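Hi,

Here is the structure I promised to pass on. Have a look at it first, and then read on for what turned up.

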Amino acid sequence: FEVDLTHIAQLRNREKSNFEQRTGSRLTFMPFFARAAITALKQFPIINSSVEGENIRYHRTINLGIAVALDWGLIVPVLKNAEELNFLGLQRGITDLGERARTKKLRPEEVQGGTFTITNPGSFGAVFGLPIIMQPQVAILGVGGITKQPVVVTAKDGTDSIAIRSIVHLVLGYDHRVIDGAVADQFMAQLKKNLESWSEDLG
């Protein structure tokens with residue numbers, strides 16, 4: 001899915017200095033993606049399920065795995081009960097797990113129990129990647145690089161013009177035994193809507 005992040009990019013540029021002074025945390029793009037995904041997962045709980053033998057288990061909580069690239073490989077610390085956190089809580093939780101992953105200070109239970117994962121191949125310049133699910137999870141979101149691109153914009157009166165927009169490509173890898181393409185597309189459409197119509201307070 002191609003998502004227009006212009007509004008969020010402008011909001012982040014406008015608020016990042018004040019946000020860091022006020023909260024002590026850097027304002028990154030990841031909590032925007034995390035928050036938008038959490039909201040969509042609540043509407044499509046099958047995406048937040050797992051396979052247990054012949055059964056599908058629906059999870060009451062959203063334990064969000066955030067992939068972190070290290071010199072020696074990839075590790076996926078898990079932010080437990082992510083649905084209970086506001087935007088600032090997500091930013092602090094993601095930052096904390098990432099920093100402790102890089103300094104090898106994660107506890108074993110902090111890399112277990114994930115119900116949905118976000119990975120970010122875009123941090124290395126990829127426009128998009130094709131992420132593979134971490135079983136028994138049934139879905140993983142891949143976030144591509146954010147680039148400025150010319151796009152056709154249609155005004156309310158129907159006239160078209162070309163404008164520069166901040167664009168990101170999002171990809172959902174999913175287990176076809178559990179999730180069919182229609183549900184996956186509906187989830188991604190909701191995720192796109194959550195990002196493009198962002199109105200939540202940053203905390």
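Let's start with two of the helices. α2 and α3 pack at an angle of about 120°, and their axes are 9 Å apart. Angles from 65 to 115 degrees would count as roughly perpendicular and those over 145 as roughly antiparallel, so α2 and α3 are oblique to each other. The crossing in which α2 passes α3 is right-handed. If you want to find the contact on screen, look on the α2 side for Met-30, Pro-31, Phe-32, Ala-34, Arg-35 and Ile-38, and on the α3 side for Phe-87, Leu-90, Gln-91 and Ile-94. Sorted by class, that contact has 8 nonpolar residues, 1 polar and 1 charged.

Bear in mind that this is a predicted model.

From α2, the residues Phe-32, Phe-33, Ala-36, Ala-37, Thr-39, Ala-40, Leu-41 and Gln-43 meet Phe-187, Gln-190, Leu-191, Asn-194 and Leu-195 of α4. This contact divides into 9 nonpolar and 4 polar residues, with no charged ones.

The largest pocket holds about 730 Å³. It is lined by 28 residues, and the closest to its centre are Thr-28, Met-30, Arg-102, Asn-120 and Ser-123. Which elements each supply at least two residues of the lining? They are α2 (30-43), β5 (68-70) and α3 (87-102). The largest share comes from α3, with 7 residues. By class, the lining has 15 nonpolar, 9 polar and 4 charged residues.

Two backbone details to finish. The peptide bond from Gln-135 to Pro-136 is cis, with omega near 10°. You'll find Pro-136 in the loop between β8 (116-119) and β9 (139-143). The other detail is Asn-81, which has a positive phi, near 50°, although it is a residue other than glycine. Asn-81 sits in the loop between β7 (78-79) and α3.

Cheers

Methods:
Residues are numbered from 1 along each chain as its sequence is written. This is a predicted model: local features need pLDDT of at least 70, side-chain atom pairs count only at pLDDT 80 or more; totals for chains, interfaces and linings use all residues. Side-chain values use heavy atoms; hydrogens and water are left out. On a 1 Å grid over the protein atoms alone, a cavity is a set of points where a 1.4 Å probe fits but cannot get out, and a pocket is an open set with protein on both sides within 12 Å along at least five of seven lines; lining residues have an atom within 4 Å of a point. Grid points are joined across faces, edges and corners, and a volume is the space filled by probe spheres set on the points. Helices (H or I, at least four residues) and strands (E, at least two) are DSSP runs, numbered from the N terminus. Ala, Val, Leu, Ile, Met, Phe, Trp, Tyr, Cys and Pro count as nonpolar, Asp, Glu, Lys and Arg as charged, and the others, Gly among them, as polar. Axes are lines fitted to C-alpha atoms, for helices over the stretch in contact, and angles run from 0 to 180 degrees between N-to-C directions. Angles under 35 degrees count as roughly parallel, over 145 as roughly antiparallel, 65 to 115 as roughly perpendicular and the rest as oblique. A crossing is left-handed if the near helix is turned anticlockwise from the far one by less than a right angle, and right-handed if clockwise. Contact means heavy atoms within 4.5 Å.
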